[in-house]
Amino acid sequence: MPPSLPTILHVDMDAFYASIEIRDNPSLAGLPVCVGGPSDQRGVISAASYAARKFGVRSAMPTAEARRLCPDLVLLPPDFERYTKASREIMAIFRNYTPLVEPLSLDEAFLDVSGCERLFGDAVEIGRAIKREILSKTGLVASVGVAPSKFLAKLASDLDKPDGFRVIQPDEVRSVLDPLPVSKVFGVGPRTAKRLESLGVMTIGDLAQRERRDVVREFGASGAWIHDLAHGIDTRRVTPRREEKSHGMERTFPQDVTDREELRLALLSFCEDVAFGLRDKGLRGRTVTLKARYGDFTTLTRTKTLTAPTNLGPRIFTTARELLDKIPPGPLRLIGVQVSGLSDVRVAVQESMFGDLEPELRGPRGTAQPSRAKLERATEGIDKLRKKFGRTAVVRASLLGRDRLEGRDGSDATP
Amino acid sequence: MKVICDREKLREGLAVVNNVIPSKSTKPVLENLCLVATVDAIEILGTDLECSVRYRIPVSHGRGEGDLKEPVVRVEEPGIAVVPSRVTLDFVRDLSGSEVTLTTHDQNCVIQSGEDKCELVTVDPDEFPVISSFGDTPTLSIQGGNFTRLVNRTAFAAAREAGRYAMHGVLAEVEDGMLKLVATDGRRLAYSSVECQSRPVDRTRPAIVPTKGMQLFCRVIGDPLEQVQLHFGENQVGLKTKNAEIFARLIDGEFPRYAAVIPKESSNYVEADAEMLTRKLRLVANVTGTEARAVRMRLTPDNLELFGQSVGRGEAHARMDVAFKNASAEIAFNPDFVLEGLKSCESGIVKLEFNEKTSPGKFTLGENYIYIVMPITVDA
């Protein structure tokens, strides 16, 4: 394999949630700040500042344990709206440099900057510029890894954390990888690591020296994968639009809502929007999930799979309403609907014979709904009007005069 | 009990009854069959509680010589024995003598032929379920071969996957001296009828007969020329042949209102050579995907083009002459559904009628035999 230039960047925000909290409340600076759920509700830590990490506090650790390790812990409840906002700003910075941005979560992304040299300089220069820009625009610190592949880039950003900047050149791959423990290989979890150790494989260098076929025999297909990675071979591309798995919308009410009619109207509004979004992307979905969170944070989901995939609001709503009837009454702080099992509209659909047998084709109180073909034709017309005159140009009568609920797209955590 | 029976006769009866016997049951007694010897016949009974069979071998004396010699069926001592079905059938089949003697001693049943014998442990006959018997009230009479043909024309379209209980059977109704069978899985539907003599009623309540029961009915009909009797009861349907009575518990459910699906008038009418259409469909279907298989049919005057398409594999194209008068039309079907229907097409020419590419396609596969297939639609 010819040595390829490092063109992949991995940018990882340092203690993202905790850093945002500290940025917005400077009096917290230097304190062991954690974001997470309260210990009396079996909460866990979602992010820990570096000051907290000194005590051994880690993310995903039960809050109660974190408190034992660090009695002076400052525990803050998560505020995802603020984190999402910051994440959007950061992702926007990435996209100023390259369209090839693959977000992994709110605070982490791969970037492929090959071909951007004439505009912005080489990958190392771009990495430095991005790191600078993030700090100046958001006041947050990122660690950046620059390497020829995704695996190495992620490893690089991790090696030099926090406030890191690490480049792995093709000719230093071996010297970087060899001394690292095998657990640093992407895909080697604690169990695989244990099995490797029992075979005398402690470091990535040990793994790379093994015969490939021995590793494959021992670990199957994943053996080939980890052996490749141990040699720094990783051909995965940076894919900006990963295939969507679901499409949904949910909303936390300003005040808990008990009235079912009110909840149904909220659902209707979501279903119309979700369906519109699906149509806009040329998708159809088959599984409808209702999510409901009660005032006490108990969260229920109810799911139903339709006989045929749909992207029509009324079809989704009929199912969502049916699911709402299945959850016990009580004040809800959040309600949402999600459609998954997505397929391209160009995928052929087997028509069914007895439409009236499908409950989702039945309207409110058992009234018959227009046939799919009719509804599709009408929807097509409505969509045209909405695209020309705005989303509120045509609304369902029952939603007239209501503010359109701005839901947070539950499926799309990344901006 | 002691009986002496022609081996082939006994084997045949055991084989018929064994068809209903479950190989594994939560009620182990059902894995047995019940032999009842009376003065004038040996009866073999079996059931899985959904379907049950009563097979009768009448006594005969073995008179005559050579090929004309009657088989021997003799009851020396009337009685009852409940024995494991599978073992009994296998043992009798593999015996080499021409006659078999069955005798009960205490808890055992001895099956013997010449110097070979086995001794099977029996089950208390009181544990064996009661099996209905036909009585004297047949509702209709139909030629065995006609009945089998009717079942073969329709039963394949019944639902197989779990979920829609009422579609897991074949709907049977009698109307105006015709026995009608309908089966559907919600995506295609087969409908066929045949004349029958029905007395004393000329109309029965529609009954949903489980597909398995229908297939068993066909299996007990040995002679296609024999008239068989059908009886539709409150919750079971019975069929009586010369040797056997068989009962199937009806499916308690609402069969979909299928009549509305059968198009009355169609704007597009195609006639095609059934064999050629089968060949061309199979050809292009090779290139369709595994999920949502679709073959597009594009019609122009007297011309049919077929396209099989799959995202990963490419596209296949075939053409054939047909009779078609309109300017153009297009429709797509799951080729498997159409091919399954064509398999039981009884005439050389198959007729296809449809209105739009989203409306049902009606295939005429023979006299009083139609097959409806819902199309596959693809958004542009």
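**Close-up views of the cavities**

**View 1. The largest cavity holds about 70 Å³ of space.** Here a cavity is a set of points, on a 1 Å grid over the protein atoms alone, where a 1.4 Å probe fits but cannot get out. Its volume is the space filled by probe spheres set on the points, which are joined across faces, edges and corners. The model is predicted: local features need pLDDT of at least 70, side-chain atom pairs count only at pLDDT 80 or more, and totals for chains, interfaces and linings use all residues. Residues are numbered from 1 along each chain as its sequence is written, and chains are lettered from A in the order in which they are written.

**View 2. Val270(B), Ala272(B), Leu277(B), Met297(B), Leu299(B), Leu304(B), Val350(B), Lys351(B), Leu352(B) and Phe363(B) surround the largest cavity as its lining.** Lining residues have an atom within 4 Å of a point. Strands E20 (268-273), E21 (295-300) and E26 (349-354) of chain B each give two or more residues, and E26(B) gives the most, with three. Strands (E, at least two residues) and helices (H or I, at least four) are DSSP runs, numbered from the N terminus. By class, this lining has nine nonpolar, no polar and one charged residues; Ala, Val, Leu, Ile, Met, Phe, Trp, Tyr, Cys and Pro count as nonpolar, Asp, Glu, Lys and Arg as charged, and the others, Gly among them, as polar.

**View 3. The second largest cavity holds about 30 Å³ of space.** Its lining includes Phe147(B), Ala172(B), Met214(B) and Phe232(B). Strand E13 (178-184), helix H4 (211-220) and strand E17 (227-232) of chain B each give two or more residues. The lining residues divide into 10 nonpolar, no polar and no charged.

Methods:
Side-chain values use heavy atoms; hydrogens and water are left out. On a 1 Å grid over the protein atoms alone, a cavity is a set of points where a 1.4 Å probe fits but cannot get out, and a pocket is an open set with protein on both sides within 12 Å along at least five of seven lines; lining residues have an atom within 4 Å of a point.
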